[in-house]
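Visitor: I'm new to this one, and I'd like a close look at a single part of it. Could you walk me through the salt bridges and what they connect?

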Amino acid sequence: MQNKFKTFKRRIGITGLSNCGKTVFLTSLINHIKDHNPNQFYIGNPDVQLRNFKHYPANQLDKQFNYEGFRDTLVNHGLWPEKTSDYTFYRCSFERSDWLFTNIELEFFDFPGERMADALMLEAMDYRMWSRAVLHHLKNQTEYREHATEFFNQLAMDSISETEVVHAYKLALARLILNYKPLITPSTFLLGIDGDTPEIDSAEQIASKRYSGLNASMQFVPLSDAAMKKNKELAKTFAYRYTAYRRKVVLPVFSYLKNCHRLIVLIDIPTLLSAGNGMYDDNREIIEQMLDLLDPQTPIMWRAPKAMLNMMKMLTWKPGGITRVAFVASKADMVHPTDFKHMQHLLEQMVKHYADGRRFFKAKYVNCSAIMSTEVVKGSSHMLIGWPVFNELGESLQPGGKYTMFEVSKLPQVWPQQWKEGEYFFTEVYPVIPARRNCPPKQMGIDHVLSFLLDESFFE
Ligand SMILES: Nc1nc2c(ncn2[C@@H]2O[C@H](COP(=O)(O)OP(=O)(O)O)[C@@H](O)[C@H]2O)c(=O)[nH]1
Ligand SMILES: [Mg+2]
């Protein structure tokens, strides 16, 4: 590191809905950078080697990405990593053999897409504006409205009871979760700051166990203008709790995100197909909202002065602003390889039209499997082999059991106009990962993503 003249320092956000594979993706990526084997992980061309890896503590000490712990869980327990925190950081430096004068330093920021549902709380949005926007959304979309009848009845009352209105709102949120609709706010109801998610249960049970706010005594829900007028004290209380939530949960994630230079957006196509079109719609909306929010309204051409500035003070962080986005179809090993082409098409159909209309970043579309955990059955186009997590009866199986053959759905060529939960089926498997610590797992596509993100034109 000492004998290089400059450092390529970039912040990279990794996002996607909870459970789409962010933690596994980053664990595998770090493993491949750290213990690089050019035969398994191409950067630019097969001769390029990554070396001199160093790990540094990230700025927020309580939000470190626990790479060693996650890898240990994978190898020694044969399990996928546990959820620990809603967002984390990982910072490292390394060199690539074809960059003679430049060292690389990256900070990864892994954060859940669900937080985008709180984007309404940004940009000078106060409690009243947030309430209006949420109620508008709830009222005008049938899939949302039908779950919120009791809540709207509560709002129409002359004197609103805090307990009842909070419970009615939470009941609506719980029903949305049970219908795979992740676009709900306050988003901690679905994904807590410790990374916790609700257990699958009745809507009543979920509503009584989760909070619509920071904690049990800091809950708030949206109130209509009329309801605020009639219930001034309650509106004041909710406004106070809203502000505390915004400061603690929303601002840290969004302000860091605005300073990122690259973004990796993971889209879990097997889960979207299994869950039905409601989840697809929400996931797309979440991605679009995020990119709208990140749009600096500055076409790439106008970034030249910034680029000059950056070249002059070569060792500081480049000014924030996302210039490259990798859209990743994750868990590709859950579909049959004969469907990889369709998988990539589905990914592009979902976001390309939107991304093409945004000129502030370059986009790439990649199928990825962070840890290839299945193999194909010779001669078949719909059978895979792996260690299933459940048997046909839905009972849990232990890791390290029998390698089993199972059938998976064929992917459609285009997203159907509508589809129901369970129409498509993919089998969850345990990870297959080498025990030797400097031997990274078999991957697909992550190297393309890293190559794309390390590349940069003058105007970026
Ligand atoms: N087959 C397969 N499953 C994966 C892969 N990556 C993630 N998964 C599955 O997706 C689950 C969630 O992954 P995780 O990285 O924790 O998701 P996060 O919530 O987005 O961080 C894991 O428990 C695995 O079941 C992969 O590369 N292949
Ligand atoms: Mg995670």
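Guide: Happy to. The structure holds 26 salt bridges, a salt bridge being a side-chain nitrogen of Lys or Arg within 4 Å of a carboxyl oxygen of Asp or Glu. Keep in mind that this is a predicted model, where local features need pLDDT of at least 70, side-chain atom pairs count only at pLDDT 80 or more, and totals for chains, interfaces and linings use all residues. Residues are numbered from 1 along each chain as its sequence is written, chains are lettered from A and ligands numbered from 1 in the order in which they are written, and side-chain values use heavy atoms, with hydrogens and water left out.

Let's start with D86 and K63, whose side chains meet in a salt bridge at 3.2 Å, N to O. This pair links distant parts of the chain, 23 residues apart: D86 sits in the loop between α2 (67-77) and β3 (88-96), and K63 in the loop between β2 (50-56) and α2. Those labels follow DSSP runs numbered from the N terminus: helices are H or I with at least four residues, strands are E with at least two. D86 counts as buried because its relative accessibility is 5%, and K63 counts as buried at 12%. Here buried means under 20% relative accessible area, exposed over 50%, and partly exposed in between, with a 1.4 Å probe and protein chains only.

Next come R132 and D225, with a salt bridge of 2.8 Å, N to O. R132 lies in helix α3 (residues 127-140) and D225 in helix α8 (residues 225-230), so this bridge ties together parts that are 93 residues apart in sequence. R132 is partly exposed at 44% relative accessibility, and D225 is partly exposed too, at 33%.

Then there's E456, which forms a salt bridge with R262; the closest N and O atoms are 2.7 Å apart. E456 lies in the segment after α14 (446-454) and R262 in strand β5 (residues 262-267), so the pair ties together parts that are 194 residues apart in sequence.
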